[in-house]
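Take a moment to look over the sequence and the 3D structure. Then let's walk through a few spots together.

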Amino acid sequence: QVRLVESGGGLVQPGGSLRLSCAASGVVFRINAMAWYRQAPGKQRELVASITSSGIANYADSVKGRFTISRDNAKNTVYLQMNSLKPEDTADYYCNAKVKLRSYSREADYWGQGTQVTVSS
């Protein structure tokens, strides 16, 4: 099985920065796209950023120019560098990975447990 473990959340003042990490463990054939989602209280989970195995990134309009997603395929780890944080970025952030366990397996979604980010003065 695959386990995703996030780290790096916390409390930061507006304008500050945080770096989230998500490490995938387990024996897999291939990890395809990885992504970060977030869910604020009372709101639906939304896609923040995604990155393909070859490094092509996409961002939600609300974070473009402030957040950067990257990955280290050798470590099966995805990162989210968050700069110029705003109070509206406050949410639980979840890591997602699209994984093929075997060469003949269908791609499946795996999720981390979430890490809390609070932007407040």
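## A short tour of the model

A quick heads-up before we start: what you're looking at is a predicted model. Let's begin with A23, which sits in strand β3, a stretch covering residues 18-25. Is A23 buried, exposed or something in between? With a relative accessibility of 34%, A23 counts as partly exposed. Setting aside residues up to four places away in sequence, A23 touches R3, L4, V5, N76 and T77. A23 and V78 are 55 residues apart in sequence, yet their C-alpha atoms are 6.7 Å apart in space.

**The disulfide**

How many disulfides does the model have? The count is one, and its partners are C22 and C95, with sulfur atoms 2.1 Å apart. If the word is new to you, a disulfide is a covalent bond between the sulfur atoms of two cysteines. C22 belongs to strand β3 and C95 to strand β9, so this pair ties together parts that are 73 residues apart in sequence. Both cysteines, C22 and C95, are buried. The torsion about their S-S bond is about -80°, so the C22 and C95 disulfide is left-handed.

**N96 in strand β9**

Strand β9 runs over residues 91-100, and N96 is part of it. N96 is buried because its relative accessible area is 2%, and buried means under 20%. What does the side chain of N96 reach? It comes within 3.4 Å of the backbone oxygen of Y110. The N96 side chain also has a polar contact with the side chain of D109. Leaving out neighbours within four places in sequence, N96 is in contact with L4, A33, M34, A35, Y37, D109, Y110 and W111.

Now hop over to strand β4 (residues 30-39), where you'll find R38. R38 is buried, at 6% relative accessible area. Its side chain takes part in polar contacts too, so here are the side-chain pairs from this tour side by side.

| Side-chain pair | Polar contact |
|---|---|
| N96 and D109 | 3.1 Å |
| R38 and E46 | 2.7 Å |
| R38 and S62 | 3.4 Å |

Rolling a probe the size of a water molecule over the atoms shows where empty space is left. The largest pocket has a volume of about 190 Å³.

**Two loop residues with positive phi**

Last stop: the loops. N76 is in the loop between β7 (67-72) and β8 (77-82), and S84 is in the loop between β8 and β9. Phi of N76 is near 50°, a positive value in a residue other than glycine. For S84, phi is near 50°, again positive in a residue other than glycine. N76 counts as partly exposed at 25% relative accessibility, and S84 is partly exposed with a relative accessible area of 41%.

How values were computed:
Residues numbered from 1 in each chain as written. Predicted model: local features only at pLDDT ≥ 70, side-chain atom pairs only at ≥ 80, totals over all residues. Heavy atoms only, no water. Helix = DSSP H or I, 4+ residues; strand = E, 2+ residues; numbered from the N terminus. Buried < 20%, exposed > 50% of the residue type's maximum accessible area, 1.4 Å probe, protein only. Polar contact = N/O pair within 3.5 Å; in protein donor to acceptor, adjacent residues only side chain to side chain. Contact = heavy atoms within 4.5 Å. Disulfide = S-S within 2.5 Å. 1 Å grid on protein atoms, 1.4 Å probe; cavity = no way out; pocket = protein on both sides within 12 Å on 5 of 7 lines; lining within 4 Å. Points joined across faces, edges and corners; volume = space filled by probe spheres on them.
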